[in-house]
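I opened my notebook to look inside one protein model.

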Amino acid sequence: MESRRRRSRSQLLKWGCYVLALFVCAALQTTPGLFQLGEAKPLLVLPLCLAVAVFEGEFAGALLGTVGGLLWDCTAGRTVGMLALELLLLCFAVSVLVQLYLQVNPGNFAAVSTATALVVLSLDWLFFYYMPGYTGAALRYVAFVLPSAVLTIPAALLAFWLVQHIHDGFRIDNGVV
């Protein structure tokens with residue numbers, strides 16, 4: 001049995017680690033030319049928020065997804081709120097999906113992260129390239145959206161491993177066997 005003070009300190013440290021990882025991912029994701037392959041870049045904030053949603057539950061995941069989306073919006077110089085809303089809904093949905101239907105393992109998480117990356121990038125492409133009527137929008141989808149979703153797989157596996165270790169490292173001992 002842990003004392004209440006020790007549990008509370010443990011939770012603060014765990015969430016401090018998650019927020020620190022979120023800031024590092026946002027900085028790495030928006031650094032120009034880093035991890036870039038052609039036009040495509042992997043998403044780093046999205047898999048981290050999804051991994052927290054999987055391990056910590058739907059409410060905590062949706063909250064971190066909202067913060068991650070706002071941070072991503074601000075660091076990328078975009079309309080503030082669009083990604084926050086998308087990540088809120090996706091983190092909640094993925095957490096519920098994993099709790100009800102999927103096993104928590106790296107393969108399932110990589111597949112779900114790739115699918116959600118494809119959703120986020122496709123919505124981005126739809127609102128910022130296709131609907132305004134830019135020429136070459138279809139080429140942008142093929143050259144940027146699809147490769148970026150595929151490049152997110154290694155980031156998803158790394159985020160899964162990191163969040164799993166943080167979650168297990170700060171596990172609360174409630175005395176139940």
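**Entry 1: the core**

I noted at the start that this is a predicted model. I then asked how many residues the largest nonpolar core has. The count is 42. I listed the residues with the most contacts inside this core: L22, V45, L46, L48, W72, F109 and V163.

Next I looked up which helices supply the core. At least two residues come from each of α1 (4–29), α2 (45–56), α3 (58–76), α4 (82–100), α5 (106–130) and α6 (137–169). I wrote a general reminder beside this: in soluble globular proteins, nonpolar side chains tend to be buried together.

Which residues does L48 contact, leaving aside neighbours within four places in sequence? I found Y18, A21, L22 and C25, and also A159, L162 and V163. L22 and V163 are also on my list of core residues with the most contacts.

**Entry 2: the largest pocket**

I looked up the volume of the largest pocket. It is about 470 Å³. I found 20 residues in its lining. Nearest the centre of this pocket lie W72, R78, D124, R140 and F144. W72 also belongs to the core list above.

Which elements give two or more residues to this lining? They are α3, α5 and α6. The most comes from α5, with 6 residues. I also sorted the lining of the largest pocket by class: 12 residues are nonpolar, 3 are polar and 5 are charged.

**Entry 3: the second largest pocket**

I moved on to the second largest pocket. Its space is about 290 Å³. I counted 14 lining residues, with C25, L28, L44, A155 and L158 nearest the centre. C25 is also one of the contacts of L48.

Both α1 and α6 supply at least two residues of this lining. The largest share is from α6, with 6 residues. What classes of residue line the second largest pocket? I found 14 nonpolar residues, no polar ones and no charged ones.

**Entry 4: the cavity**

I searched the whole structure for cavities of 30 Å³ or more. The search gave 1. The largest cavity holds about 50 Å³ of space. I wrote down its lining: V54, V98, L102, Q103, V104, N105, N108, F109, V112 and F160.

Which helix gives the most to this lining? It is α5, with 3 residues. By class, the lining of the largest cavity has 7 nonpolar, 3 polar and no charged residues. I marked F109 and F160 in this lining for the next entry.

**Entry 5: the rings**

I searched for aromatic pairs and found 6 in the whole structure. A pair of aromatic rings is described by the distance of the centres and the angle of the planes. I looked up two of the pairs.

F55 and F160 form a tilted pair.

Y129 is partly exposed, at 28% relative accessible area. Y134 is exposed, at 52%.

I then checked for a cluster. Ring pairs link F55, F109 and F160 into one.

**Entry 6: two single residues**

I looked at F35, which is in the loop between α1 and α2. F35 has a positive phi of about 60°, although it is not a glycine. Most residues other than glycine have a negative phi. F35 is partly exposed, with a relative accessible area of 48%.

T116 is buried, with a relative accessible area of 6%. What does T116 touch, not counting residues up to four places away in sequence? It touches L46, L50, L90 and V94. L46 is among the core residues with the most contacts.

Note on methods
Residues are numbered from 1 along each chain as its sequence is written. This is a predicted model: local features need pLDDT of at least 70, side-chain atom pairs count only at pLDDT 80 or more; totals for chains, interfaces and linings use all residues. Side-chain values use heavy atoms; hydrogens and water are left out. A nonpolar core is a set of buried Ala, Val, Leu, Ile, Met, Phe, Trp, Tyr and Cys residues joined through side-chain atoms within 4.5 Å. Buried means under 20% relative accessible area, exposed over 50%, partly exposed in between (1.4 Å probe, protein chains only). Helices (H or I, at least four residues) and strands (E, at least two) are DSSP runs, numbered from the N terminus. Contact means heavy atoms within 4.5 Å. On a 1 Å grid over the protein atoms alone, a cavity is a set of points where a 1.4 Å probe fits but cannot get out, and a pocket is an open set with protein on both sides within 12 Å along at least five of seven lines; lining residues have an atom within 4 Å of a point. Grid points are joined across faces, edges and corners, and a volume is the space filled by probe spheres set on the points. Ala, Val, Leu, Ile, Met, Phe, Trp, Tyr, Cys and Pro count as nonpolar, Asp, Glu, Lys and Arg as charged, and the others, Gly among them, as polar. Rings of Phe, Tyr and Trp (its six-membered ring) pair if their centres lie within 6.5 Å; planes under 30 degrees apart count as stacked, over 60 as edge-to-face and the rest as tilted.
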